[in-house]
Number of protein chains: 2
Amino acid sequence: MPVKNPGLKSAASSTVEDYLERILELINSKGYARVVDIAAALEISQASVTNMVQRLDAERLLKYEKYRGLVLTEAGEKLARRIAHRHRLLTEFLKLLGLDDRVICHDVEGMEHHISVPTLRAIEALTRQLRRRPALRAQLETALV
Amino acid sequence: MPVKNPGLKSAASSTVEDYLERILELINSKGYARVVDIAAALEISQASVTNMVQRLDAERLLKYEKYRGLVLTEAGEKLARRIAHRHRLLTEFLKLLGLDDRVICHDVEGMEHHISVPTLRAIEALTRQLRRRPALRAQLETALV
DNA sequence: TAAATAAATTAGTCTTAACTAACTTTGCAT
DNA sequence: ATGCAAAGTTAGTTAAGACTAATTTATTTA
């Protein structure tokens with residue numbers, strides 16, 4: 001089934017989004033993202049990462065020199081940031097629903113690539129409202145017995 | 001990336017879920033689901049449908065006789081119903097957020113396969129609360145300008 | 001009922017994105 | 001400086017799930 005992925009109107013597949021997300025995380029936390037670290041983070045082989053990294057270089061989302069490492073391009077970083085932001089918003093939303101971290105993590109990782117900008121905005125607004133209505137959140141929790 | 005699909009703790013992939021969903025829809029609306037109709041509904045070739053239908057038969061989610069048609073098994077129908085139900089709950093939820101039908105349709109089709117049972121329950125509870133709080137819904141709509 | 005059309009099937013191909021195994025490069029420790 | 005381990009790369013394979021083209025079966029209509 002050719003299910004498109006226009007969530008961020010980038011041409012990025014879910015897979016590409018996952019890579020960018022992890023790469024940005026690594027850069028933020030360690031200052032760099034090596035093939036071996038990306039592979040560990042995504043729980044896939046180094047070979048797969050090498051392939052994808054070369055592809056992302058071809059797509060100008062990062063600059064890669066063989067054996068020497070990579071840096072995100074302007075475009076790549078921008079995209080990665082938006083992906084990370086979307087991830088955070090979804091996580092916060094589910095957190096407010098009282099779900100546990102394991103479930104949140106799993107579901108967000110699955111859904112995040114499929115959420116369009118308008119839906120994300122709506123969820124963001126809802127999250128804000130939910131945040132200031134503890135009584136409503138309490139209602140939800142009791143419903144989850 | 002080996003992203004599992006434990007939403008309904010069935011072994012069904014997203015693709016299988018899509019097929020079952022459409023097959024049930026067809027059966028509900030026309031009384032039967034032919035290869036040609038499934039293909040049209042999913043916008044894929046008849047050949048692809050034939051393949052999948054044979055696989056679903058092997059997995060005992062439906063019974064299929066070459067050239068003669070198919071019926072869902074008990075297990076297949078049960079699963080299909082749960083998939084359809086999840087689809088409806090998500091659609092209703094997004095509807096209450098004031099999103100337009102195109103967006104809802106797209107996003108639900110993407111997300112539905114990745115929502116776990118606990119998350120679905122939480123969203124269901126939230127939907128109920130949202131339904132009885134028009135003021136809150138109005139707040140959301142104004143935030144979506 | 002026979003021809004024409006619609007539906008279904010088969011066989012083989014393509015793409016994406018994983019994998020393993022084998023090899024190369026780099027960097028560190030002696 | 002060399003040798004070993006860690007990191008990275010290449011080549012070739014696999015699996016899911018699409019596709020087309022060719023063929024077969026079923027159905028409709030003249």
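How many residue pairs are in polar contact between domain 1 of chain A and domain 2 of chain A? In this predicted model, the count is four residue pairs, with both residues at pLDDT 80 or more. On the side of domain 1 of chain A that touches domain 2 of chain A, the residues comprise four charged, one polar and one nonpolar. Two salt bridges are found across this interface. A salt bridge also joins the side chains of A:Glu17 and A:Arg86, with an N to O distance of 2.6 Å.

The domain assignment places residues 12-78 of chain A in domain 1 and residues 84-143 in domain 2. The centres of the two domains, taken over C-alpha atoms, are separated by 27 Å. Contact between them involves six residues of domain 1 of chain A and seven residues of domain 2 of chain A. About 480 Å² is buried between the two domains, and carbon and sulfur atoms give 35% of this area. Within domain 1 of chain A, the most area is lost to domain 2 of chain A by A:Ser14, A:Glu17 and A:Glu21, which together account for 70% of what that side buries.

The arrangement of the chains was examined next. Chain A is superposed on chain B by a rotation of 180° with 0.0 Å of shift along its axis, at an RMSD of 0.0 Å. This is the relation of a two-fold axis. In chain A, the C-alpha nearest the axis belongs to A:Met111 and lies 2.4 Å from it. Of the interface residues of chain A, 100% are also interface residues in chain B, so the copies meet through the same surface.

Methods. Residues numbered from 1 in each chain as written. Chains lettered and ligands numbered in written order. Heavy atoms only, no water. Domains from an automatic or database assignment. Contact = heavy atoms within 4.5 Å. Buried area = accessible area lost by both parts, 1.4 Å probe. Salt bridge = Lys/Arg side-chain N within 4 Å of Asp/Glu carboxyl O. Polar contact = N/O pair within 3.5 Å; in protein donor to acceptor, adjacent residues only side chain to side chain. Nonpolar A, V, L, I, M, F, W, Y, C, P; charged D, E, K, R; others polar. Least-squares fit on C-alpha atoms with pLDDT ≥ 70 in both.
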